[in-house]
Amino acid sequence: MNPLCSRCNLVVYPTEKVNCLDKYWHKGCFSCEVCKMTLNMKNYKGFEKRPYCNAHYPKTNFTCVADTPENLRLKQQSKMQSQVLYREDFEKNKGKGFSVVADTPEMQRIKKTQDQISNIKYHEEFEKRKMGGEATQLPSSPSPGYQSSGGSQNYNYEPAPEPVRQAAGGPPPSSGKRYRAVYDYSAADEDEVSFMDGDVIVDVQQIDEGWMYGRVERTGQQGMLPANYVEAI
């Protein structure tokens, strides 16, 4: 069914139909509301869904507001609120050194991974300190050199050889899962580790489906690594 013209309310046939301003018009009826000049799709201007020519297009006028005491008070209050909000945001982000990031599922996964890595590193440092404490207690056992003195061993003992023993000793034997790298990987963050194709990864611990934590046997460096870059040995 053919629509009606918005100007003359007569039927508009397809050959003379103009679809504009959410209405239908005859080509001859599509004219300026003031001067009745015939318009087209290139020279019309719409205002409140009515066509106007460029000369009679309604101008938008701004209303002047007097600076009454009430308006000045509202202006000052708005300014103070703006400064208060700015200072609150500034104090919240002060010292953080980074911008506010949305708490997306990806950011939650990264945060959880970092927490797991922090716990792993903490336990590793604790084990190393524990092993170091046991190593410092080894010289307390009587050796042939100290037995020949015949005196009290507390006066003759010197802890100077301790750093030599730690420097001479090799890395602790690997205990855990072993993987072999099938691709080269360059660390993209501080908590990641780089390796080359063919490197052996030892002491591997699974963090999640996509990431592991282990030590590269060739370089001795340890950190996070992508699980799809290695294969189990």
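This report walks through the aromatic contacts of a predicted model.

Residues are numbered from 1 along each chain as its sequence is written. Because the model is predicted, local features need pLDDT of at least 70 and side-chain atom pairs count only at pLDDT 80 or more, while totals for chains, interfaces and linings use all residues; side-chain values use heavy atoms, with hydrogens and water left out.

Let's start with the rings. The structure holds seven aromatic pairs, where rings of Phe, Tyr and Trp (its six-membered ring) pair if their centres lie within 6.5 Å; planes under 30 degrees apart count as stacked, over 60 as edge-to-face and the rest as tilted.

| Pair | Centre to centre | Angle between planes | Geometry |
|---|---|---|---|
| Phe47 and Tyr52 | 6.5 Å | 70 degrees | edge-to-face |
| Tyr185 and Tyr229 | 5.2 Å | 70 degrees | edge-to-face |

Tyr185 lies in the loop between strand 5 (177-181) and strand 6 (200-206), and Tyr229 in the loop between strand 8 (222-226) and strand 9 (230-232), so their pair ties together parts 44 residues apart in sequence. Strands here are DSSP runs (E, at least two residues), numbered from the N terminus. Tyr185 and Tyr229 also belong to one aromatic cluster with Tyr183 and Phe195.

Finally, a charge: Lys45 lies over the face of Tyr57, 5.5 Å from the ring centre, the criterion being NZ of Lys or CZ of Arg within 6 Å of the ring centre and within 35 degrees of the ring normal.

Technical notes
Helix = DSSP H or I, 4+ residues; strand = E, 2+ residues; numbered from the N terminus.
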